[in-house]
Amino acid sequence: MSNVLDRLHQVLESRKSSAAQDSYVASLYQKGLNRILEKVGEESVETILAARDAEAMGDNSALVSETADLWFHCMVMLAHMGSGPDEVLAELDKRFGLSGLDEKASRTSGE
């Protein structure tokens, strides 16, 4: 599945040189980090609401769709900042075999 993330990352990188009127992603890049962060926030809220509705209705289709939107906009944010999915996947991989409680404690004690 990381192939999908790699392909998306390549497209997002290519949009950095596109005109804003030709590409939604290029228009986000042109508007800057604050606009990208607003989109990540909007999609986060929509994902949360979809999860709540999915639990009540027993249908995850909207949740999956909203999660895809959230991941997409997170990928735009990462690309804008010069990072990509490989870095996130490597971080997740490092966490295997580590208790979630221990991992969280290591982040809070390191701050």
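Is Glu 13 buried, partly exposed or exposed? Glu 13 is partly exposed, at a relative accessible area of 31%. The legends below refer to a predicted model.

**Figure 1. Lys 16 between Glu 13 and Tyr 29.** Glu 13 and Lys 16 are joined through their side chains by a salt bridge, with an N to O distance of 3.2 Å. The charged end of Lys 16 also sits over the ring of Tyr 29, at 6.0 Å from the ring centre. Lys 16 has a relative accessible area of 40% and is therefore classed as partly exposed. Tyr 29, by contrast, is one of the buried residues of helix α2.

Figure 2. Helix α2 spans residues 24-31. Its buried residues include Val 25, Ala 26, Ser 27, Leu 28 and Tyr 29. After the helix comes Gly 32, which has a positive phi near 95°.

**Figure 3. Salt bridge Arg 35 to Glu 38.** The closest N and O atoms of Arg 35 and Glu 38 are 3.0 Å apart, and the two residues form a salt bridge. Both belong to helix α3 (residues 33-57); because they are 3 residues apart there, about one helical turn separates them. Arg 35 is partly exposed at 26% relative accessibility, and Glu 38 is partly exposed at 45%.

Figure 4. Lys 39 and Glu 42 form a salt bridge in which the closest N and O atoms lie 3.1 Å apart. This pair is also 3 residues apart in helix α3, so about one helical turn lies between Glu 42 and Lys 39. The relative accessibility of Lys 39 is 12%, so this residue counts as buried, the cut-off being under 20%. Glu 42 is partly exposed, with a relative accessible area of 33%. A network of salt bridges links Arg 35, Glu 38, Lys 39, Glu 42 and Glu 43. The structure as a whole holds 8 salt bridges.

**Figure 5. Nonpolar surface patch at Val 88, Leu 89 and Leu 92.** These three residues form a nonpolar patch on the surface, and their accessible area together is about 220 Å². Leu 92 lies in helix α5, which covers residues 85-94. The relative accessible area of Leu 92 is 46%, which means that this residue is partly exposed.

Definitions and conventions. Residues are numbered from 1 along each chain as its sequence is written. This is a predicted model: local features need pLDDT of at least 70, side-chain atom pairs count only at pLDDT 80 or more; totals for chains, interfaces and linings use all residues. Side-chain values use heavy atoms; hydrogens and water are left out. A charge sits over a ring if NZ of Lys or CZ of Arg is within 6 Å of the ring centre and within 35 degrees of the ring normal. Patches are made of residues with over 30% relative accessible area and no salt bridge: like charges are joined within 9 Å, nonpolar side chains (Val, Leu, Ile, Met, Phe, Trp, Tyr) within 5 Å. Accessible areas come from the Shrake-Rupley method with a 1.4 Å probe; for residues, only the protein chains shown count as cover. A salt bridge is a side-chain nitrogen of Lys or Arg within 4 Å of a carboxyl oxygen of Asp or Glu. Helices (H or I, at least four residues) and strands (E, at least two) are DSSP runs, numbered from the N terminus. Buried means under 20% relative accessible area, exposed over 50%, partly exposed in between (1.4 Å probe, protein chains only).
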